Amino acid sequence: MAIEDLERLQIGILERIAELERAFHDRLVLSDNFDHGANRTVAGRGDATESRLSVILRSMGVSDFTFRTVPLDYYDKTLEERNEILGAFSVHHLCKSIVLVNTQAPANVIDCSDHNNSKYYIVVVQYVARLNAENIKNFLYALNNQRIPKKRFNLRLAPEEESLKLTGFVHNAVTCVGMKTDIPVILDEAIAKLQPDFFWLGGGEVDLKLGINTSEFISAIKPFLVCCSS
């Protein structure tokens, strides 16, 4: 092969490599822009939720609270790692809000209009604790002066679609503030006894958490205080 042919072949190869490098660079830029755009969308939604819930909290007389944005892989981490991310006082101060449905409620109990005998309840418990539904059943039975048969109280985890419809918040974002429905709240007594009295729960977005003074939470939300964990 003549030298001129070799030179043309080499130039062609170099030009092809340059084209591939440009295409790869353009794809990286596009991907980076997409990721940043997605992050901005998530951040913007979180900012709007934080602002809305902050207004609600202040209107209820709550002043000692804060929001914190967490990584999207937050729920893949251990409680100890989550505790470090939030700067909580301990893993015992990490809590969650669970929507329960009374599957054995009388036919006329279809909503949350009667907080003493509601179709749904939202329970706040620690991540380190195990929910004791039997204790809640006994509490509600006593709350209604034993007029309603105990068998009419059977609290179970509500389906995600029902939880979303009632609260307006997706799984891992549920909080007791700014819900679509006035669902009665049950706070585990163990949380009320925490020291320091400042705990963390969902903040309305999966990557947003709310830290709040326990006494102010109780004063504003007015939950039922129940020993509902073990």
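How many salt bridges does a search of the whole structure find?

Reply: This is a predicted model, in which local features need pLDDT of at least 70 and side-chain atom pairs count only at pLDDT 80 or more, while totals for chains, interfaces and linings use all residues. Residues are numbered from 1 along each chain as its sequence is written, and side-chain values use heavy atoms, with hydrogens and water left out.

The search of the whole structure finds 1 salt bridge, defined as a side-chain nitrogen of Lys or Arg within 4 Å of a carboxyl oxygen of Asp or Glu. Aspartate 73 and lysine 77 form a salt bridge through their side chains, with an N to O distance of 3.6 Å. Aspartate 73 is partly exposed, at 35% relative accessibility (buried is under 20% relative accessible area, exposed over 50%, partly exposed in between, with a 1.4 Å probe and protein chains only). Lysine 77 also counts as partly exposed, at 24%.

Turning to the sheet, 5 strands form an open arrangement of mixed pairing, in the order 4-2-3-5-8. Strands are DSSP runs of E with at least two residues, numbered from the N terminus, and two strands pair if DSSP finds at least two bridges between them. Strand 4 (155–157) and strand 8 (224–226) stand at the edges; each has a single partner strand, so one side of each lacks a neighbour in the sheet. From one strand to the next, the twist averages 35°. Strand 3 (residues 120–126) pairs with strand 5 (residues 185–188) in the parallel sense, over 3 bridges. Valine 124 has leucine 187 in strand 5 as its bridge partner.

Notes. Helix = DSSP H or I, 4+ residues; strand = E, 2+ residues; numbered from the N terminus. Axes fitted to C-alpha atoms, helices over the stretch in contact; angles between N-to-C directions.
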